[in-house]
Amino acid sequence: MINKNQISILVVDDEEDIRDVLEIVLKDIGYTVFLAENGEKALEIFQSESPDIVITDIKMPVMDGIELLRQIKRENPATEVLMITGHGDMHLTIRSLKYEAMDFITKPVNVDILEIAIEKAIEKIVARQKLLEYTQKLELLILEKSKLADHLSSLGLMIGTISHNIKGLLTNLDGGIYVARSAVKSKDSKTIKEGLDLLEQAVDRIKKMVMDILLYSKERKLNKIAIDTKIFIENIKEIIEIKLKGTNIVFQCNDSNFPDTMYFDKEFMLAALINILDNAIDACMADTQKKSHEIGFEISRKKDQLVIYIHDNGCGMDSQTKEKIFNLFFSSKSTKGTGFGLYISNSIIKQHDGSIQVTSIKGKETRFKIILPHEK
Ligand SMILES: Nc1ncnc2c1ncn2[C@@H]1O[C@H](COP(=O)(O)OP(=O)(O)O)[C@@H](O)[C@H]1O
Ligand SMILES: [Mg+2]
């Protein structure tokens with residue numbers, strides 16, 4: 001239960017005697033009391049002291065009780081206002097009802113009735129406070145619940161996407177096995193090779209998907225180490241050149257102007273950059289307009305920043321696609337995509353306190369600029 005001295009009451013009446021009596025009575029009960037002789041003074045005190053309850057005479061000079069009630073309710077609707085009314089104030093009483101006065105006490109003021117009215121007002125204030133607390137708790141609960149629902153739905157979405165992809169991959173595996181088997185029967189070595197290529201592709205994609213899922217599901221701490229930039233670029237070159245075998249896409253890496261060493265989590269950064277390069281390869285393959293295709297990769301140092309540029313002259317993308325590329329599961333490649341790649345690249349680069357900028361022209365090119373702090 002609320003303590004009485006925590007409750008403050010503002011008494012407004014133009015008659016000094018009434019103010020004095022009410023002050024003595026209310027202080028005696030234990031309330032904190034403020035006094036004012038008209039509506040204007042009352043409003044000043046109301047603004048500086050924010051009393052819980054206001055007891056006001058209805059008829060006063062300067063600003064009457066109704067106007068005071070109206071202004072108080074406008075400033076803080078949670079304030080409870082008791083009106084002191086005289087005989088023949090019926091129409092004023094009705095007007096104050098309209099402005100949500102809590103109760104009426106008729107003159108001459110009976111102290112017992114006043115006490116009961118104040119207690120009722122306090123009950124209302126306490127109830128309102130409780131309601132507010134409950135509402136806040138409820139809001140918190142709802143927030144937690146929606147977080148949980150988000151998590152579950154992203155989990156559901158992930159399982160759906162993965163199952164869909166696995167189904168597609170199984171079809172590829174089946175196809176590869178079928179081609180290879182019938183070719184073995186007819187001893188056609190060219191077709192056997194085609195079947196094996198299909199199998200190899202499917203296995204590669206399964207590998208990549210499993211790696212993506214592993215990276216997505218584990219929240220590993222970064223293991224930053226000193227990396228020899230030259231060797232790192234060589235590693236990337238090796239990986240990409242294997243992927244480019246059989247295509248006529250040219251892969252260009254810079255062989256100078258990079259810092260000797262870089263500090264980051266090698267496994268993660270390699271995954272982040274390969275995801276971006278994989279997309280560049282896909283984009284070049286998807287482009288049927290240009291005769292020759294090129295992917296560029298460059299690491300350079302700008303003051304205390306490490307900047308990595310990756311560009312391709314593949315199919316490019318429109319601005320609507322560009323908006324969504326970092327979203328988990330966003331892919332424009334139907335069964336061939338998972339929509340994991342850039343989501344993971346972005347998370348890894350953010351984890352390294354870096355950022356990615358993308359520019360693209362549909363039908364022409366795409367450029368990724370990755371900015372990382374260059375630590376020594
Ligand atoms: N270099 C690029 N050129 C054109 N589109 C790109 C490029 N990189 C990414 N995108 C777009 O971003 C989407 C999301 O990429 P990603 O997250 O790697 O998923 P996925 O490759 O599985 O589709 C791609 O489906 C593609 O639409
Ligand atoms: Mg990708």
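Is Lys107 buried, exposed or partly exposed, and how many other C-beta atoms lie within 10 Å? Lys107 is partly exposed, because 16 other C-beta atoms lie within 10 Å. On this scale a residue with 20 or more other C-beta atoms within 10 Å of its own is buried, one with 12 or fewer is exposed, and one in between is partly exposed, with the C-beta atoms placed from the backbone.

The model is predicted, so local features need pLDDT of at least 70 and side-chain atom pairs count only at pLDDT 80 or more, while totals for chains, interfaces and linings use all residues. Residues are numbered from 1 along each chain as its sequence is written, and chains are lettered from A and ligands numbered from 1 in the order in which they are written.

Lys107 sits in the loop between β5 (103-106) and α5. Helices (H or I, at least four residues) and strands (E, at least two) are DSSP runs, numbered from the N terminus. Apart from neighbours within four places in sequence, Lys107 is in contact with Ile84, Thr85 and Gly86; contact means that the C-beta atoms of two residues, placed from the backbone, lie within 7 Å. Gly86 is 21 residues from Lys107 in sequence, but their C-alpha atoms are 5.2 Å apart in space.

The protein is assigned three stretches: domain 1 (6-109), domain 2 (154-217) and domain 3 (224-373). These bounds come from an automatic or database domain assignment. The C-alpha centres of domain 2 and domain 3 are 24 Å apart, and nine residues of domain 2 are in contact with nine residues of domain 3. On the domain 2 side, α5 (111-185) and α6 (189-217) each supply at least two residues, and α5 has the largest share, with five residues. That side has four nonpolar, four polar and one charged residues. Here Ala, Val, Leu, Ile, Met, Phe, Trp, Tyr, Cys and Pro count as nonpolar, Asp, Glu, Lys and Arg as charged, and the others, Gly among them, as polar.

Helix α7 (residues 229-244) has 16 residues and spans 22 Å from its first C-alpha to its last, close to the expected 22 Å. The expected span is 1.5 Å times one less than the number of residues. After α7 comes Gly246, with a positive phi near 85°.

Ligand 1 has 22 residues around it, of which Asn279, Ala283, Ser331, Gly337 and Gly341 come nearest. A residue is near a molecule if its C-beta atom, placed from the backbone, lies within 6 Å of it. Helices α8 (266-286) and α10 (341-351) each supply at least two residues of this shell, and α8 gives the most, with four residues. By class, the shell has eight nonpolar, twelve polar and two charged residues.
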